[in-house]
Amino acid sequence: MMNIKIFKNKIPQPIRLFLTKALLLFLGWKLIYGFIIYDSKYLDRALTTHIGEASIFLINNLGDLDGYTTKRVSDFYIIDGRKIEERSSAIFHHDRMVVHIANACNGLELIVLYIGFIICMPSKLWRKIRYIIIGIIILDLINILRCTGLIYLREYYHIYFQFAHRYLFNAIIYTSTFIIWVIFSRKINLKNEVI
């Protein structure tokens, strides 16, 4: 028990405060998402639909590409004896399905992670609000570009689709998030943070 107190006292106070806030936000988000948002599915559905519609709008207006549409589709899975419905936005090109944009790919978890970091860092309220709004817009646009790129690769360069889906576009979106965090963190003074 004494070792835990010694270890705790070695961690600087601003770091302890950040980690405490982050842990509470993480637990709060998981509880809210698990018991309210996931069961209602409205937030996931709305965001997934938005990403699908924005992606097809963008790809239909790129050069000579057209004929892309999106539809909400349902898949059913049996998990632990329960029937689980997973809805997604399916992208079609002339009535031929090209890709699914699942709820897991709508960027919600990344946006919540981004917001959580901004909230946990010490800064003025209006600066946090400004960075949260700008960051959400940037991350949403990057996710739309990501999905548009995946649609294009699936249609015309299928061989690169899996690599881009699993590695390239994830690296781009996480790097973008990190860059926004770095820009936000440059003007933070941790010495003024108190518990």
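Start by selecting Lys30 in this predicted model: at a relative accessible area of 38%, Lys30 is partly exposed. Colour the two helices involved and you will see what the pair does: Lys30 belongs to helix 2 (residues 13–40) and Glu109 to helix 4 (residues 108–120), so the contact ties together parts that lie 79 residues apart in sequence. Glu109 is partly exposed too, with 39% relative accessibility.

How many salt bridges does the structure hold? There are two, so let's go to the other one, since a side-chain nitrogen of Arg within 4 Å of a carboxyl oxygen of Glu also qualifies. Select Arg96 and Glu155, where the closest N and O atoms are 2.5 Å apart. This pair again links distant parts of the chain: Arg96 sits in strand 3 (residues 96–102) and Glu155 in helix 5, 59 residues away.

Is Glu155 buried or exposed? Glu155 counts as buried, at 18% relative accessibility, because the limit for buried is under 20%. Arg96, with a relative accessible area of 46%, is partly exposed.

For the last stop, keep the surface on and select Tyr152, Tyr156, Tyr157, Ile159 and Tyr160, which make a nonpolar surface patch of about 560 Å². Zoom in on Ile159, found in the loop between helix 5 (125–156) and helix 6 (161–185). Ile159 counts as exposed, with 72% relative accessibility.

Methods. Residues numbered from 1 in each chain as written. Predicted model: local features only at pLDDT ≥ 70, side-chain atom pairs only at ≥ 80, totals over all residues. Heavy atoms only, no water. Patch = residues over 30% accessible without salt bridge, like charges linked within 9 Å, V, L, I, M, F, W, Y side chains within 5 Å. Areas by Shrake-Rupley, 256 points an atom, 1.4 Å probe, with all protein chains shown as cover. Helix = DSSP H or I, 4+ residues; strand = E, 2+ residues; numbered from the N terminus. Buried < 20%, exposed > 50% of the residue type's maximum accessible area, 1.4 Å probe, protein only.
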